[in-house]
Amino acid sequence: MSNYTLQASREWWSQRWLDLLDSYRFKKRLERARNYARQGNVLSIEFKGAKVLARVQGSEVEPYKVSLSLDPFTDEQWGYVIETMSHRAIFAAKLLAGEMPQNIEEVFTTNGLSLFPFTLSDVHSKCSCPDKANPCKHIGAIYYQLGDRFSEDPFVLFQLRGRTKEQIISDLRHLRSIRVEANTTETSDVQQSIPHNQYSVKIDSFWQYNEPLESSLVVIAPSSSETILDVLGTIPLAKEEENAVNLNSGDVVMNYLNTVYKDVSQKAILAAMNVGGS
């Protein structure tokens, strides 16, 4: 790993990890750790579950053994996280493409979790060197190397919390396929529930209606070609009204028209409701 070039500063999640280490107050120790990482003193890094196991060459002939880990999330906690990811299309799309979404921490905080450790004390580390300080320069070198690993593969950070890249992608695809199947089934059920019209149209009798009309639907409209006065003809003034002293000709006409109007209206309503004669 002598030609392993540090690139952690180019990705925000890698820088978050390194900021944690930079909060350590012994800057000289950090400088030696950075030089160990750059000069190829980190001989190997491998994962055993959620734990990182590494070998770092120090001043002795035998490399020192370093272990580093975070508190992994439980299966139940990861289930909530994956479920939340699957509901956010941008998260699922970027993770499936191997990218880390900018606001990925929201997924964890929504479920009461934190992806990144808050302080160095949240990182469990151990080194076989005689240095009592923690982190020693060998552990610090592993911090820097992991920051570079995070930059190249953001799923390494998830692995420290107990889930590998393959597990996360598999779980996301599984949940998304279930959701697609559910939507397809629901659409099919809705389509099947729509009744098909079984009535055939009879062209010959389409405009015929042989049932009595509802009285509320009947509207009696006057003829557009002739008025009611044209139909009734000349007014037959009664003799007693002609001889009436106190009535003028207008009163006589109105009295007669009122009588005729009441009689015509009654006959029209009876005819419309099919009561009585034609």
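Ile-168 sits in helix α8 (residues 165-193) of this predicted model, where helices are DSSP runs of H or I with at least four residues and strands are runs of E with at least two, numbered from the N terminus. Because its relative accessibility is 0%, Ile-168 counts as buried; that word stands for under 20% relative accessible area, against over 50% for exposed and partly exposed in between, with a 1.4 Å probe and protein chains only. Setting aside residues up to four places away in sequence, Ile-168 touches Trp-78, Ile-82, Phe-155, Phe-158 and Arg-163, a contact being heavy atoms within 4.5 Å. Between the C-alpha atoms of Ile-168 and Phe-158 there are 8.8 Å, with the two residues 10 apart along the chain.

Phe-158 turns up again in the surroundings of Phe-108, which is in contact with Phe-73, Trp-78, Val-81, Met-85, Leu-113, Ser-114, Leu-115 and Phe-158, leaving aside neighbours within four places in sequence. Phe-108 belongs to helix α5 (residues 105-110) and is buried, because its relative accessible area is 0%. Its C-alpha atom is separated by 6.3 Å from that of Val-81, 27 residues away along the chain.

The largest nonpolar core holds 55 residues, and Trp-17, Met-85, Ile-104, Phe-108, Ile-142 and Phe-158 have the most contacts inside it. Such a core is a set of buried Ala, Val, Leu, Ile, Met, Phe, Trp, Tyr and Cys residues joined through side-chain atoms within 4.5 Å. Helix α6 (residues 137-152) gives the most to this core, with seven residues. Ile-142 touches Val-42, Ile-45, Val-52, Ala-54, Val-56, Val-66 and Leu-68, again not counting residues up to four places away in sequence.

Helix α6 also meets helix α1 (residues 12-22): their axes come within 8 Å and cross at roughly 165°. The two helices are therefore roughly antiparallel, a label for angles over 145 degrees. Among the residues in this contact are Trp-13 and Trp-17 of α1, and Tyr-143 and Phe-150 of α6.

Over the whole protein, the secondary structure comes to 11 helices and four strands. Buried residues make up 31% of the 278 residues.

Residues are numbered from 1 along each chain as its sequence is written. In this predicted model, local features need pLDDT of at least 70 and side-chain atom pairs count only at pLDDT 80 or more, while totals for chains, interfaces and linings use all residues, and side-chain values use heavy atoms, with hydrogens and water left out.

Terms used. Axes are lines fitted to C-alpha atoms, for helices over the stretch in contact, and angles run from 0 to 180 degrees between N-to-C directions. Angles under 35 degrees count as roughly parallel, over 145 as roughly antiparallel, 65 to 115 as roughly perpendicular and the rest as oblique.
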